[in-house]
Amino acid sequence: MITNFIVAFVLVVSSVVYLKLATYFQIIDKPNHRSSHTNPTIRGGGVLFLIALFLFFILSKGAYLYFFLGTFLIAFVSFIDDLKDLSAKQRLPFQLISICLLLFQVFGTDIYLLWIPVLCIVGIAFINLYNFMDGINAITGMYSFVVLMILYLVNLDAKILEAAIFKYQFIALVVFGFYNFRKKAKFFAGDIGSITLAMIVFFTGLFLIVKLESPLLALTVIVYSTDSILTLLHRKFLLKENVTEAHRHHLYQKIVDQTSLSHIQTSGLYAVIQILVGCIIVTNYTISFNNQLLIFIASVIFFILIYIFLFFRLKTKNN
């Protein structure tokens with residue numbers, strides 16, 4: 001308990017210090033036609049998640065070394081990206097190294113060689129898609145809190161990962177939420193924040209999926225994943241857009257733009273739906289593999305249909 005208070009104190013102080021430094025050095029996200037905010041806002045506040053991970057690494061005496069090194073590497077590159085936009089080609093080598101370190105942490109030398117390219121592609125795709133989430137206030141923080149809580153509850157029962165890796169992120173998310181969960185955010189997570197969270201979610205989720213042999217745990221990110229993947233396909237094949245560029249086509253952005261729901265309400269909606277899915281995960285992750293697979297497939301189909309329905313409903317309303 002005392003350790004948690006110390007971590008909270010360090011993170012609160014870090015948030016105040018970063019706010020002042022970012023203001024002084026003008027680390028600011030200026031709104032444009034694709035932005036959901038109208039006022040210049042400090043970016044990179046998600047450095048708190050990296051600090052929380054660093055505190056975990058120190059206090060756990062070096063637990064998950066390769067994962068930590070991979071996350072620190074990609075977080076550092078992501079912060080540079082926050083300061084000065086890097087191209088996808090410049091980021092890719094570092095993302096590949098980071099994911100390889102993460103996979104080595106999860107599998108060691110027991111991984112089939114043919115799976116390495118597949119998992120690298122999945123990992124790089126995941127962290128980049130997760131990075132696109134930071135589009136409206138509170139969605140990155142709220143959704144990540146729910147996702148990590150689901151994994152934490154599973155781990156609480158299975159006792160596989162060190163619980164502190166989740167607890168310190170919860171504290172960081174609460175501190176971050178103080179600045180971000182409001183109508184006019186004090187700061188955004190930035191690439192450093194969303195990428196760090198993506199690495200933590202991917203690592204803890206993959207670790208539990210592998211050790212528990214539970215495909216159902218992949219549903220931990222089903223709500224945002226459905227939105228993100230279908231939005232990407234829509235942009236790529238129908239709109240013919242460059243999918244690496246910022247955009248306003250996410251379903252949650254359309255909900256904010258075309259309904260009476262605010263940023264916070266929309267973020268809360270995504271979080272609540274994921275909580276409901278989480279209840280299914282936590283109560284069924286120990287059933288037979290085949291039954292889990294059936295639930296997984298049925299859930300994916302259900303959310304795809306919901307996305308399509310809402311997409312055309314909002315499109316019709318806009319027209």
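How many of the 23 residues of α8 are buried?

A: This is a predicted model, in which local features need pLDDT of at least 70 and side-chain atom pairs count only at pLDDT 80 or more, while totals for chains, interfaces and linings use all residues. Residues are numbered from 1 along each chain as its sequence is written, and side-chain values use heavy atoms, with hydrogens and water left out. In helix α8, 19 of the 23 residues are buried, so that the helix is mostly covered, where buried means under 20% relative accessible area with a 1.4 Å probe, counting protein chains only. Directly after α8 comes Glu-213, with a positive phi near 50 degrees.

As for the setting, the chain holds 12 helices and 2 strands, these being DSSP runs numbered from the N terminus (helices H or I, at least four residues; strands E, at least two). The order from the N terminus is α-β-β-α-α-α-α-α-α-α-α-α-α-α. Of the 319 residues in the chain, 50% are buried. Where contacts (heavy atoms within 4.5 Å) join residues at least 6 apart in sequence, 76% of them link residues at least 24 apart. The C-alpha atoms fill a box of roughly 50 × 50 × 40 Å along the principal axes.
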